[in-house]
Amino acid sequence: MANVSKPDNKNNEITDTNRRKVLKNSVAVGGLAASASMPFWSKLAMGASEELVPFSDMEGFIAPPVLDGGIHFLDTSKIDNFYTPNDDFYIIQHYNQPQIAENEFRLNLSGLVNNILSLSLDDLRSRQKFEVDAGFECGGNSPRLYHGLIGNARWGGVRLVDLLEEAGLDRDGIEVVFYGADKGMERTRSDVDFDVEQSFGRSVHIDDALNPDIILAYEMNGEPLPWHHGAPLRLVMPGWYGVANVKWLNQIHIQDRRYMGRFMGRDYVTLSKIDIGGEERWEERSVTKMRLKSSIIRITKSGNEHNIMGFALNDGTPLRNVEISIDGGPWQQAEMDSDNSKYSWKLFNYTWRDASSGQHTIVSRVTDVTGQVQATQDDMPEKPTRWENYAQFPRTVIIG
Ligand SMILES: Nc1nc2c(c(=O)[nH]1)N[C@H]1C(S)=C(S)[C@@H](COP(=O)(O)O)O[C@H]1N2
Ligand SMILES: [Mo]
C-alpha cells in the first residue's frame, strides 16, 4: 500500500480553545485532563446508567431500512458514533445504482488537458493515498426527516489535484465536469418533444477543483467503498452538499464553458428572494457549498443530568461556537467534540442540569469565526424550493 498521509484539516479554532479549557481545568482540578481529552462523543455509546430521552416532536418516526435501489436516512436520535457506519450512512441517487466490475473499471480524464488519462483501479490504488474526514448532508435534508439525510466518514483515495496536474491543464479550461456511470432518460427542455439519455453529472469551476482536500475515494471508513455509495470510485468534495459528491465516478472532463446538466442547471437549484446589491431579486443558485447549520439530534439522561447532543455542518470555515437555548432562555455555549475537524461534521454536547419536569423546547445555533450566525426560520429568505434547509431547528422533549 502506498504512503498514507492525511491533510491537516483540524478545526484549530475549536480544538485550541478546548485544549486551553482542558489545560486550565487540569491545573485547577488535577486529574480532569485525562478524561477531558477523550473524545466526548464516546459518551454516546450509552453508559449503563444513561437512557435515551425521546423527542416529543419525533413520535412515530421510523427510519427506512437499507434496500437495494432505495433511499435511506438515519434516525438521528440514535447517532452514537463520530464516523457513521457504512451500512447506516444515508443513501440518495436519482437514477439506478450501477454495478461496476472492478477489472472493467476505468476512470477517464478528458477534454482540455495535455495528456488524456485512462486509469484502472489498480493505477489509482498504486498512487499516494490520502484520507479526509468529511461529513455532508443532502441539499434536500430537512427537519421533516429530523435531518436524517446525513453522514460523516473518513474517505480514502487519490487527490483530484494530483490527477489534474498529471493530465496537465490547458489554460482555456474553466469547468471540471464529473460524470457517474448511472444514466436516465431526460426531457431536457420544454421546447423539444423527445427524451435523451443522460449520465448523472455535476461540475465545479477549476478554482474549486484545485482544493487539495478533494479526494477521489475508493475507501470509506477504511473499507472498500460500498456499492450504494458509488463503488468503486466517488468524488468527495469536502464542505459541499451531498449532490456534489458524484458516485460511480467514471469520467472527468475539462471544458471551456459552463456545464448545465440537470443537476447543475435545473435540479438542485435554490430559488430564493434575496437582496442583491440593494435590489430584491428572485435568485436561482446552484446547490454547492454547505450553509452554516446546526441541529440538536439526541438527548440522554443520567441521574439529574441531561446530555443534549447535536451536529454542525458548514463549508469548512472555522466555527466560533455552538450555543443552546432552553425555553427561550439565554444562549449557553456547548462543548465541541475533540474529533471534529475542518470538514467533518462538528459534534457538540451540552450538559443540562436540573431540568424540571414537563415539556421543554430546545434549540441550537452555530456561529462561525467570520461572525455569521445560523439563521432562525424567521430570518430565512423566502425560498419555495426544497433545498438548503439550514434554519435553527427547535426540538421538544418531555421530561418525566
Ligand atoms: N452518480 C451519482 N452520484 C450522486 C447522486 C446520483 O444520483 N448519482 N446523488 C447525489 C446526491 S443528491 C447525494 S445527496 C449524494 C448521496 O451520497 P450517499 O448516497 O453516499 O450518501 O450522492 C450524490 N452523488
Ligand atoms: Mo442529495
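Predicted model: local features only at pLDDT ≥ 70, side-chain atom pairs only at ≥ 80, totals over all residues.
1. **Ligand shell.** Ligand 1 is surrounded by 18 residues. The closest are Tyr 90, Asp 182, His 229, Arg 234 and Lys 247. By class, the shell holds ten nonpolar, five polar and three charged residues.

2. In the side chain of Lys 247, an N or O atom lies 2.6 Å from an oxygen atom of ligand 1. For the side chain of Arg 234, the corresponding distance from an N or O atom to a ligand oxygen atom is 2.7 Å. Ile 92 takes part through its backbone: one of its N or O atoms there is 3.1 Å from an oxygen atom of ligand 1. Each of these pairs falls within the 3.5 Å cut-off for a polar contact.

3. **Burial of the ligand.** How much of ligand 1 does the protein bury? Taken alone, the ligand exposes 540 Å². The protein buries 100% of that area.

4. **The cavity.** The count comes to one cavity of 30 Å³ or more. The largest cavity holds about 230 Å³ of space. It is lined by 19 residues, and Ile 92, Arg 234, Gly 242, Asn 245 and Lys 247 are the closest to its centre. Eleven lining residues are nonpolar, five are polar and three are charged. What takes up this space? Ligand 1 does: the space it takes is the largest cavity.

5. **The second largest pocket.** Eight of the lining residues are nonpolar, three polar and two charged.

6. **A cis peptide bond.** Where is the cis bond? It joins Ala 231 and Pro 232, with omega at about 5°. Pro 232 sits in the loop between strand S10 (223-224) and strand S11 (234-236).

7. **A positive phi.** His 147 is not a glycine, yet its phi is positive, near 65°. This residue lies in the loop that runs between strand S5 (129-137) and strand S6 (150-159).

Methods: Residues numbered from 1 in each chain as written. Chains lettered and ligands numbered in written order. Heavy atoms only, no water. Near = heavy atom within 4 Å. Polar contact = N/O pair within 3.5 Å; in protein donor to acceptor, adjacent residues only side chain to side chain. Areas by Shrake-Rupley, 256 points an atom, 1.4 Å probe, with all protein chains shown as cover. 1 Å grid on protein atoms, 1.4 Å probe; cavity = no way out; pocket = protein on both sides within 12 Å on 5 of 7 lines; lining within 4 Å. Sits in = over half its atoms within 2 Å of the grid points. Nonpolar A, V, L, I, M, F, W, Y, C, P; charged D, E, K, R; others polar. Points joined across faces, edges and corners; volume = space filled by probe spheres on them. Helix = DSSP H or I, 4+ residues; strand = E, 2+ residues; numbered from the N terminus.
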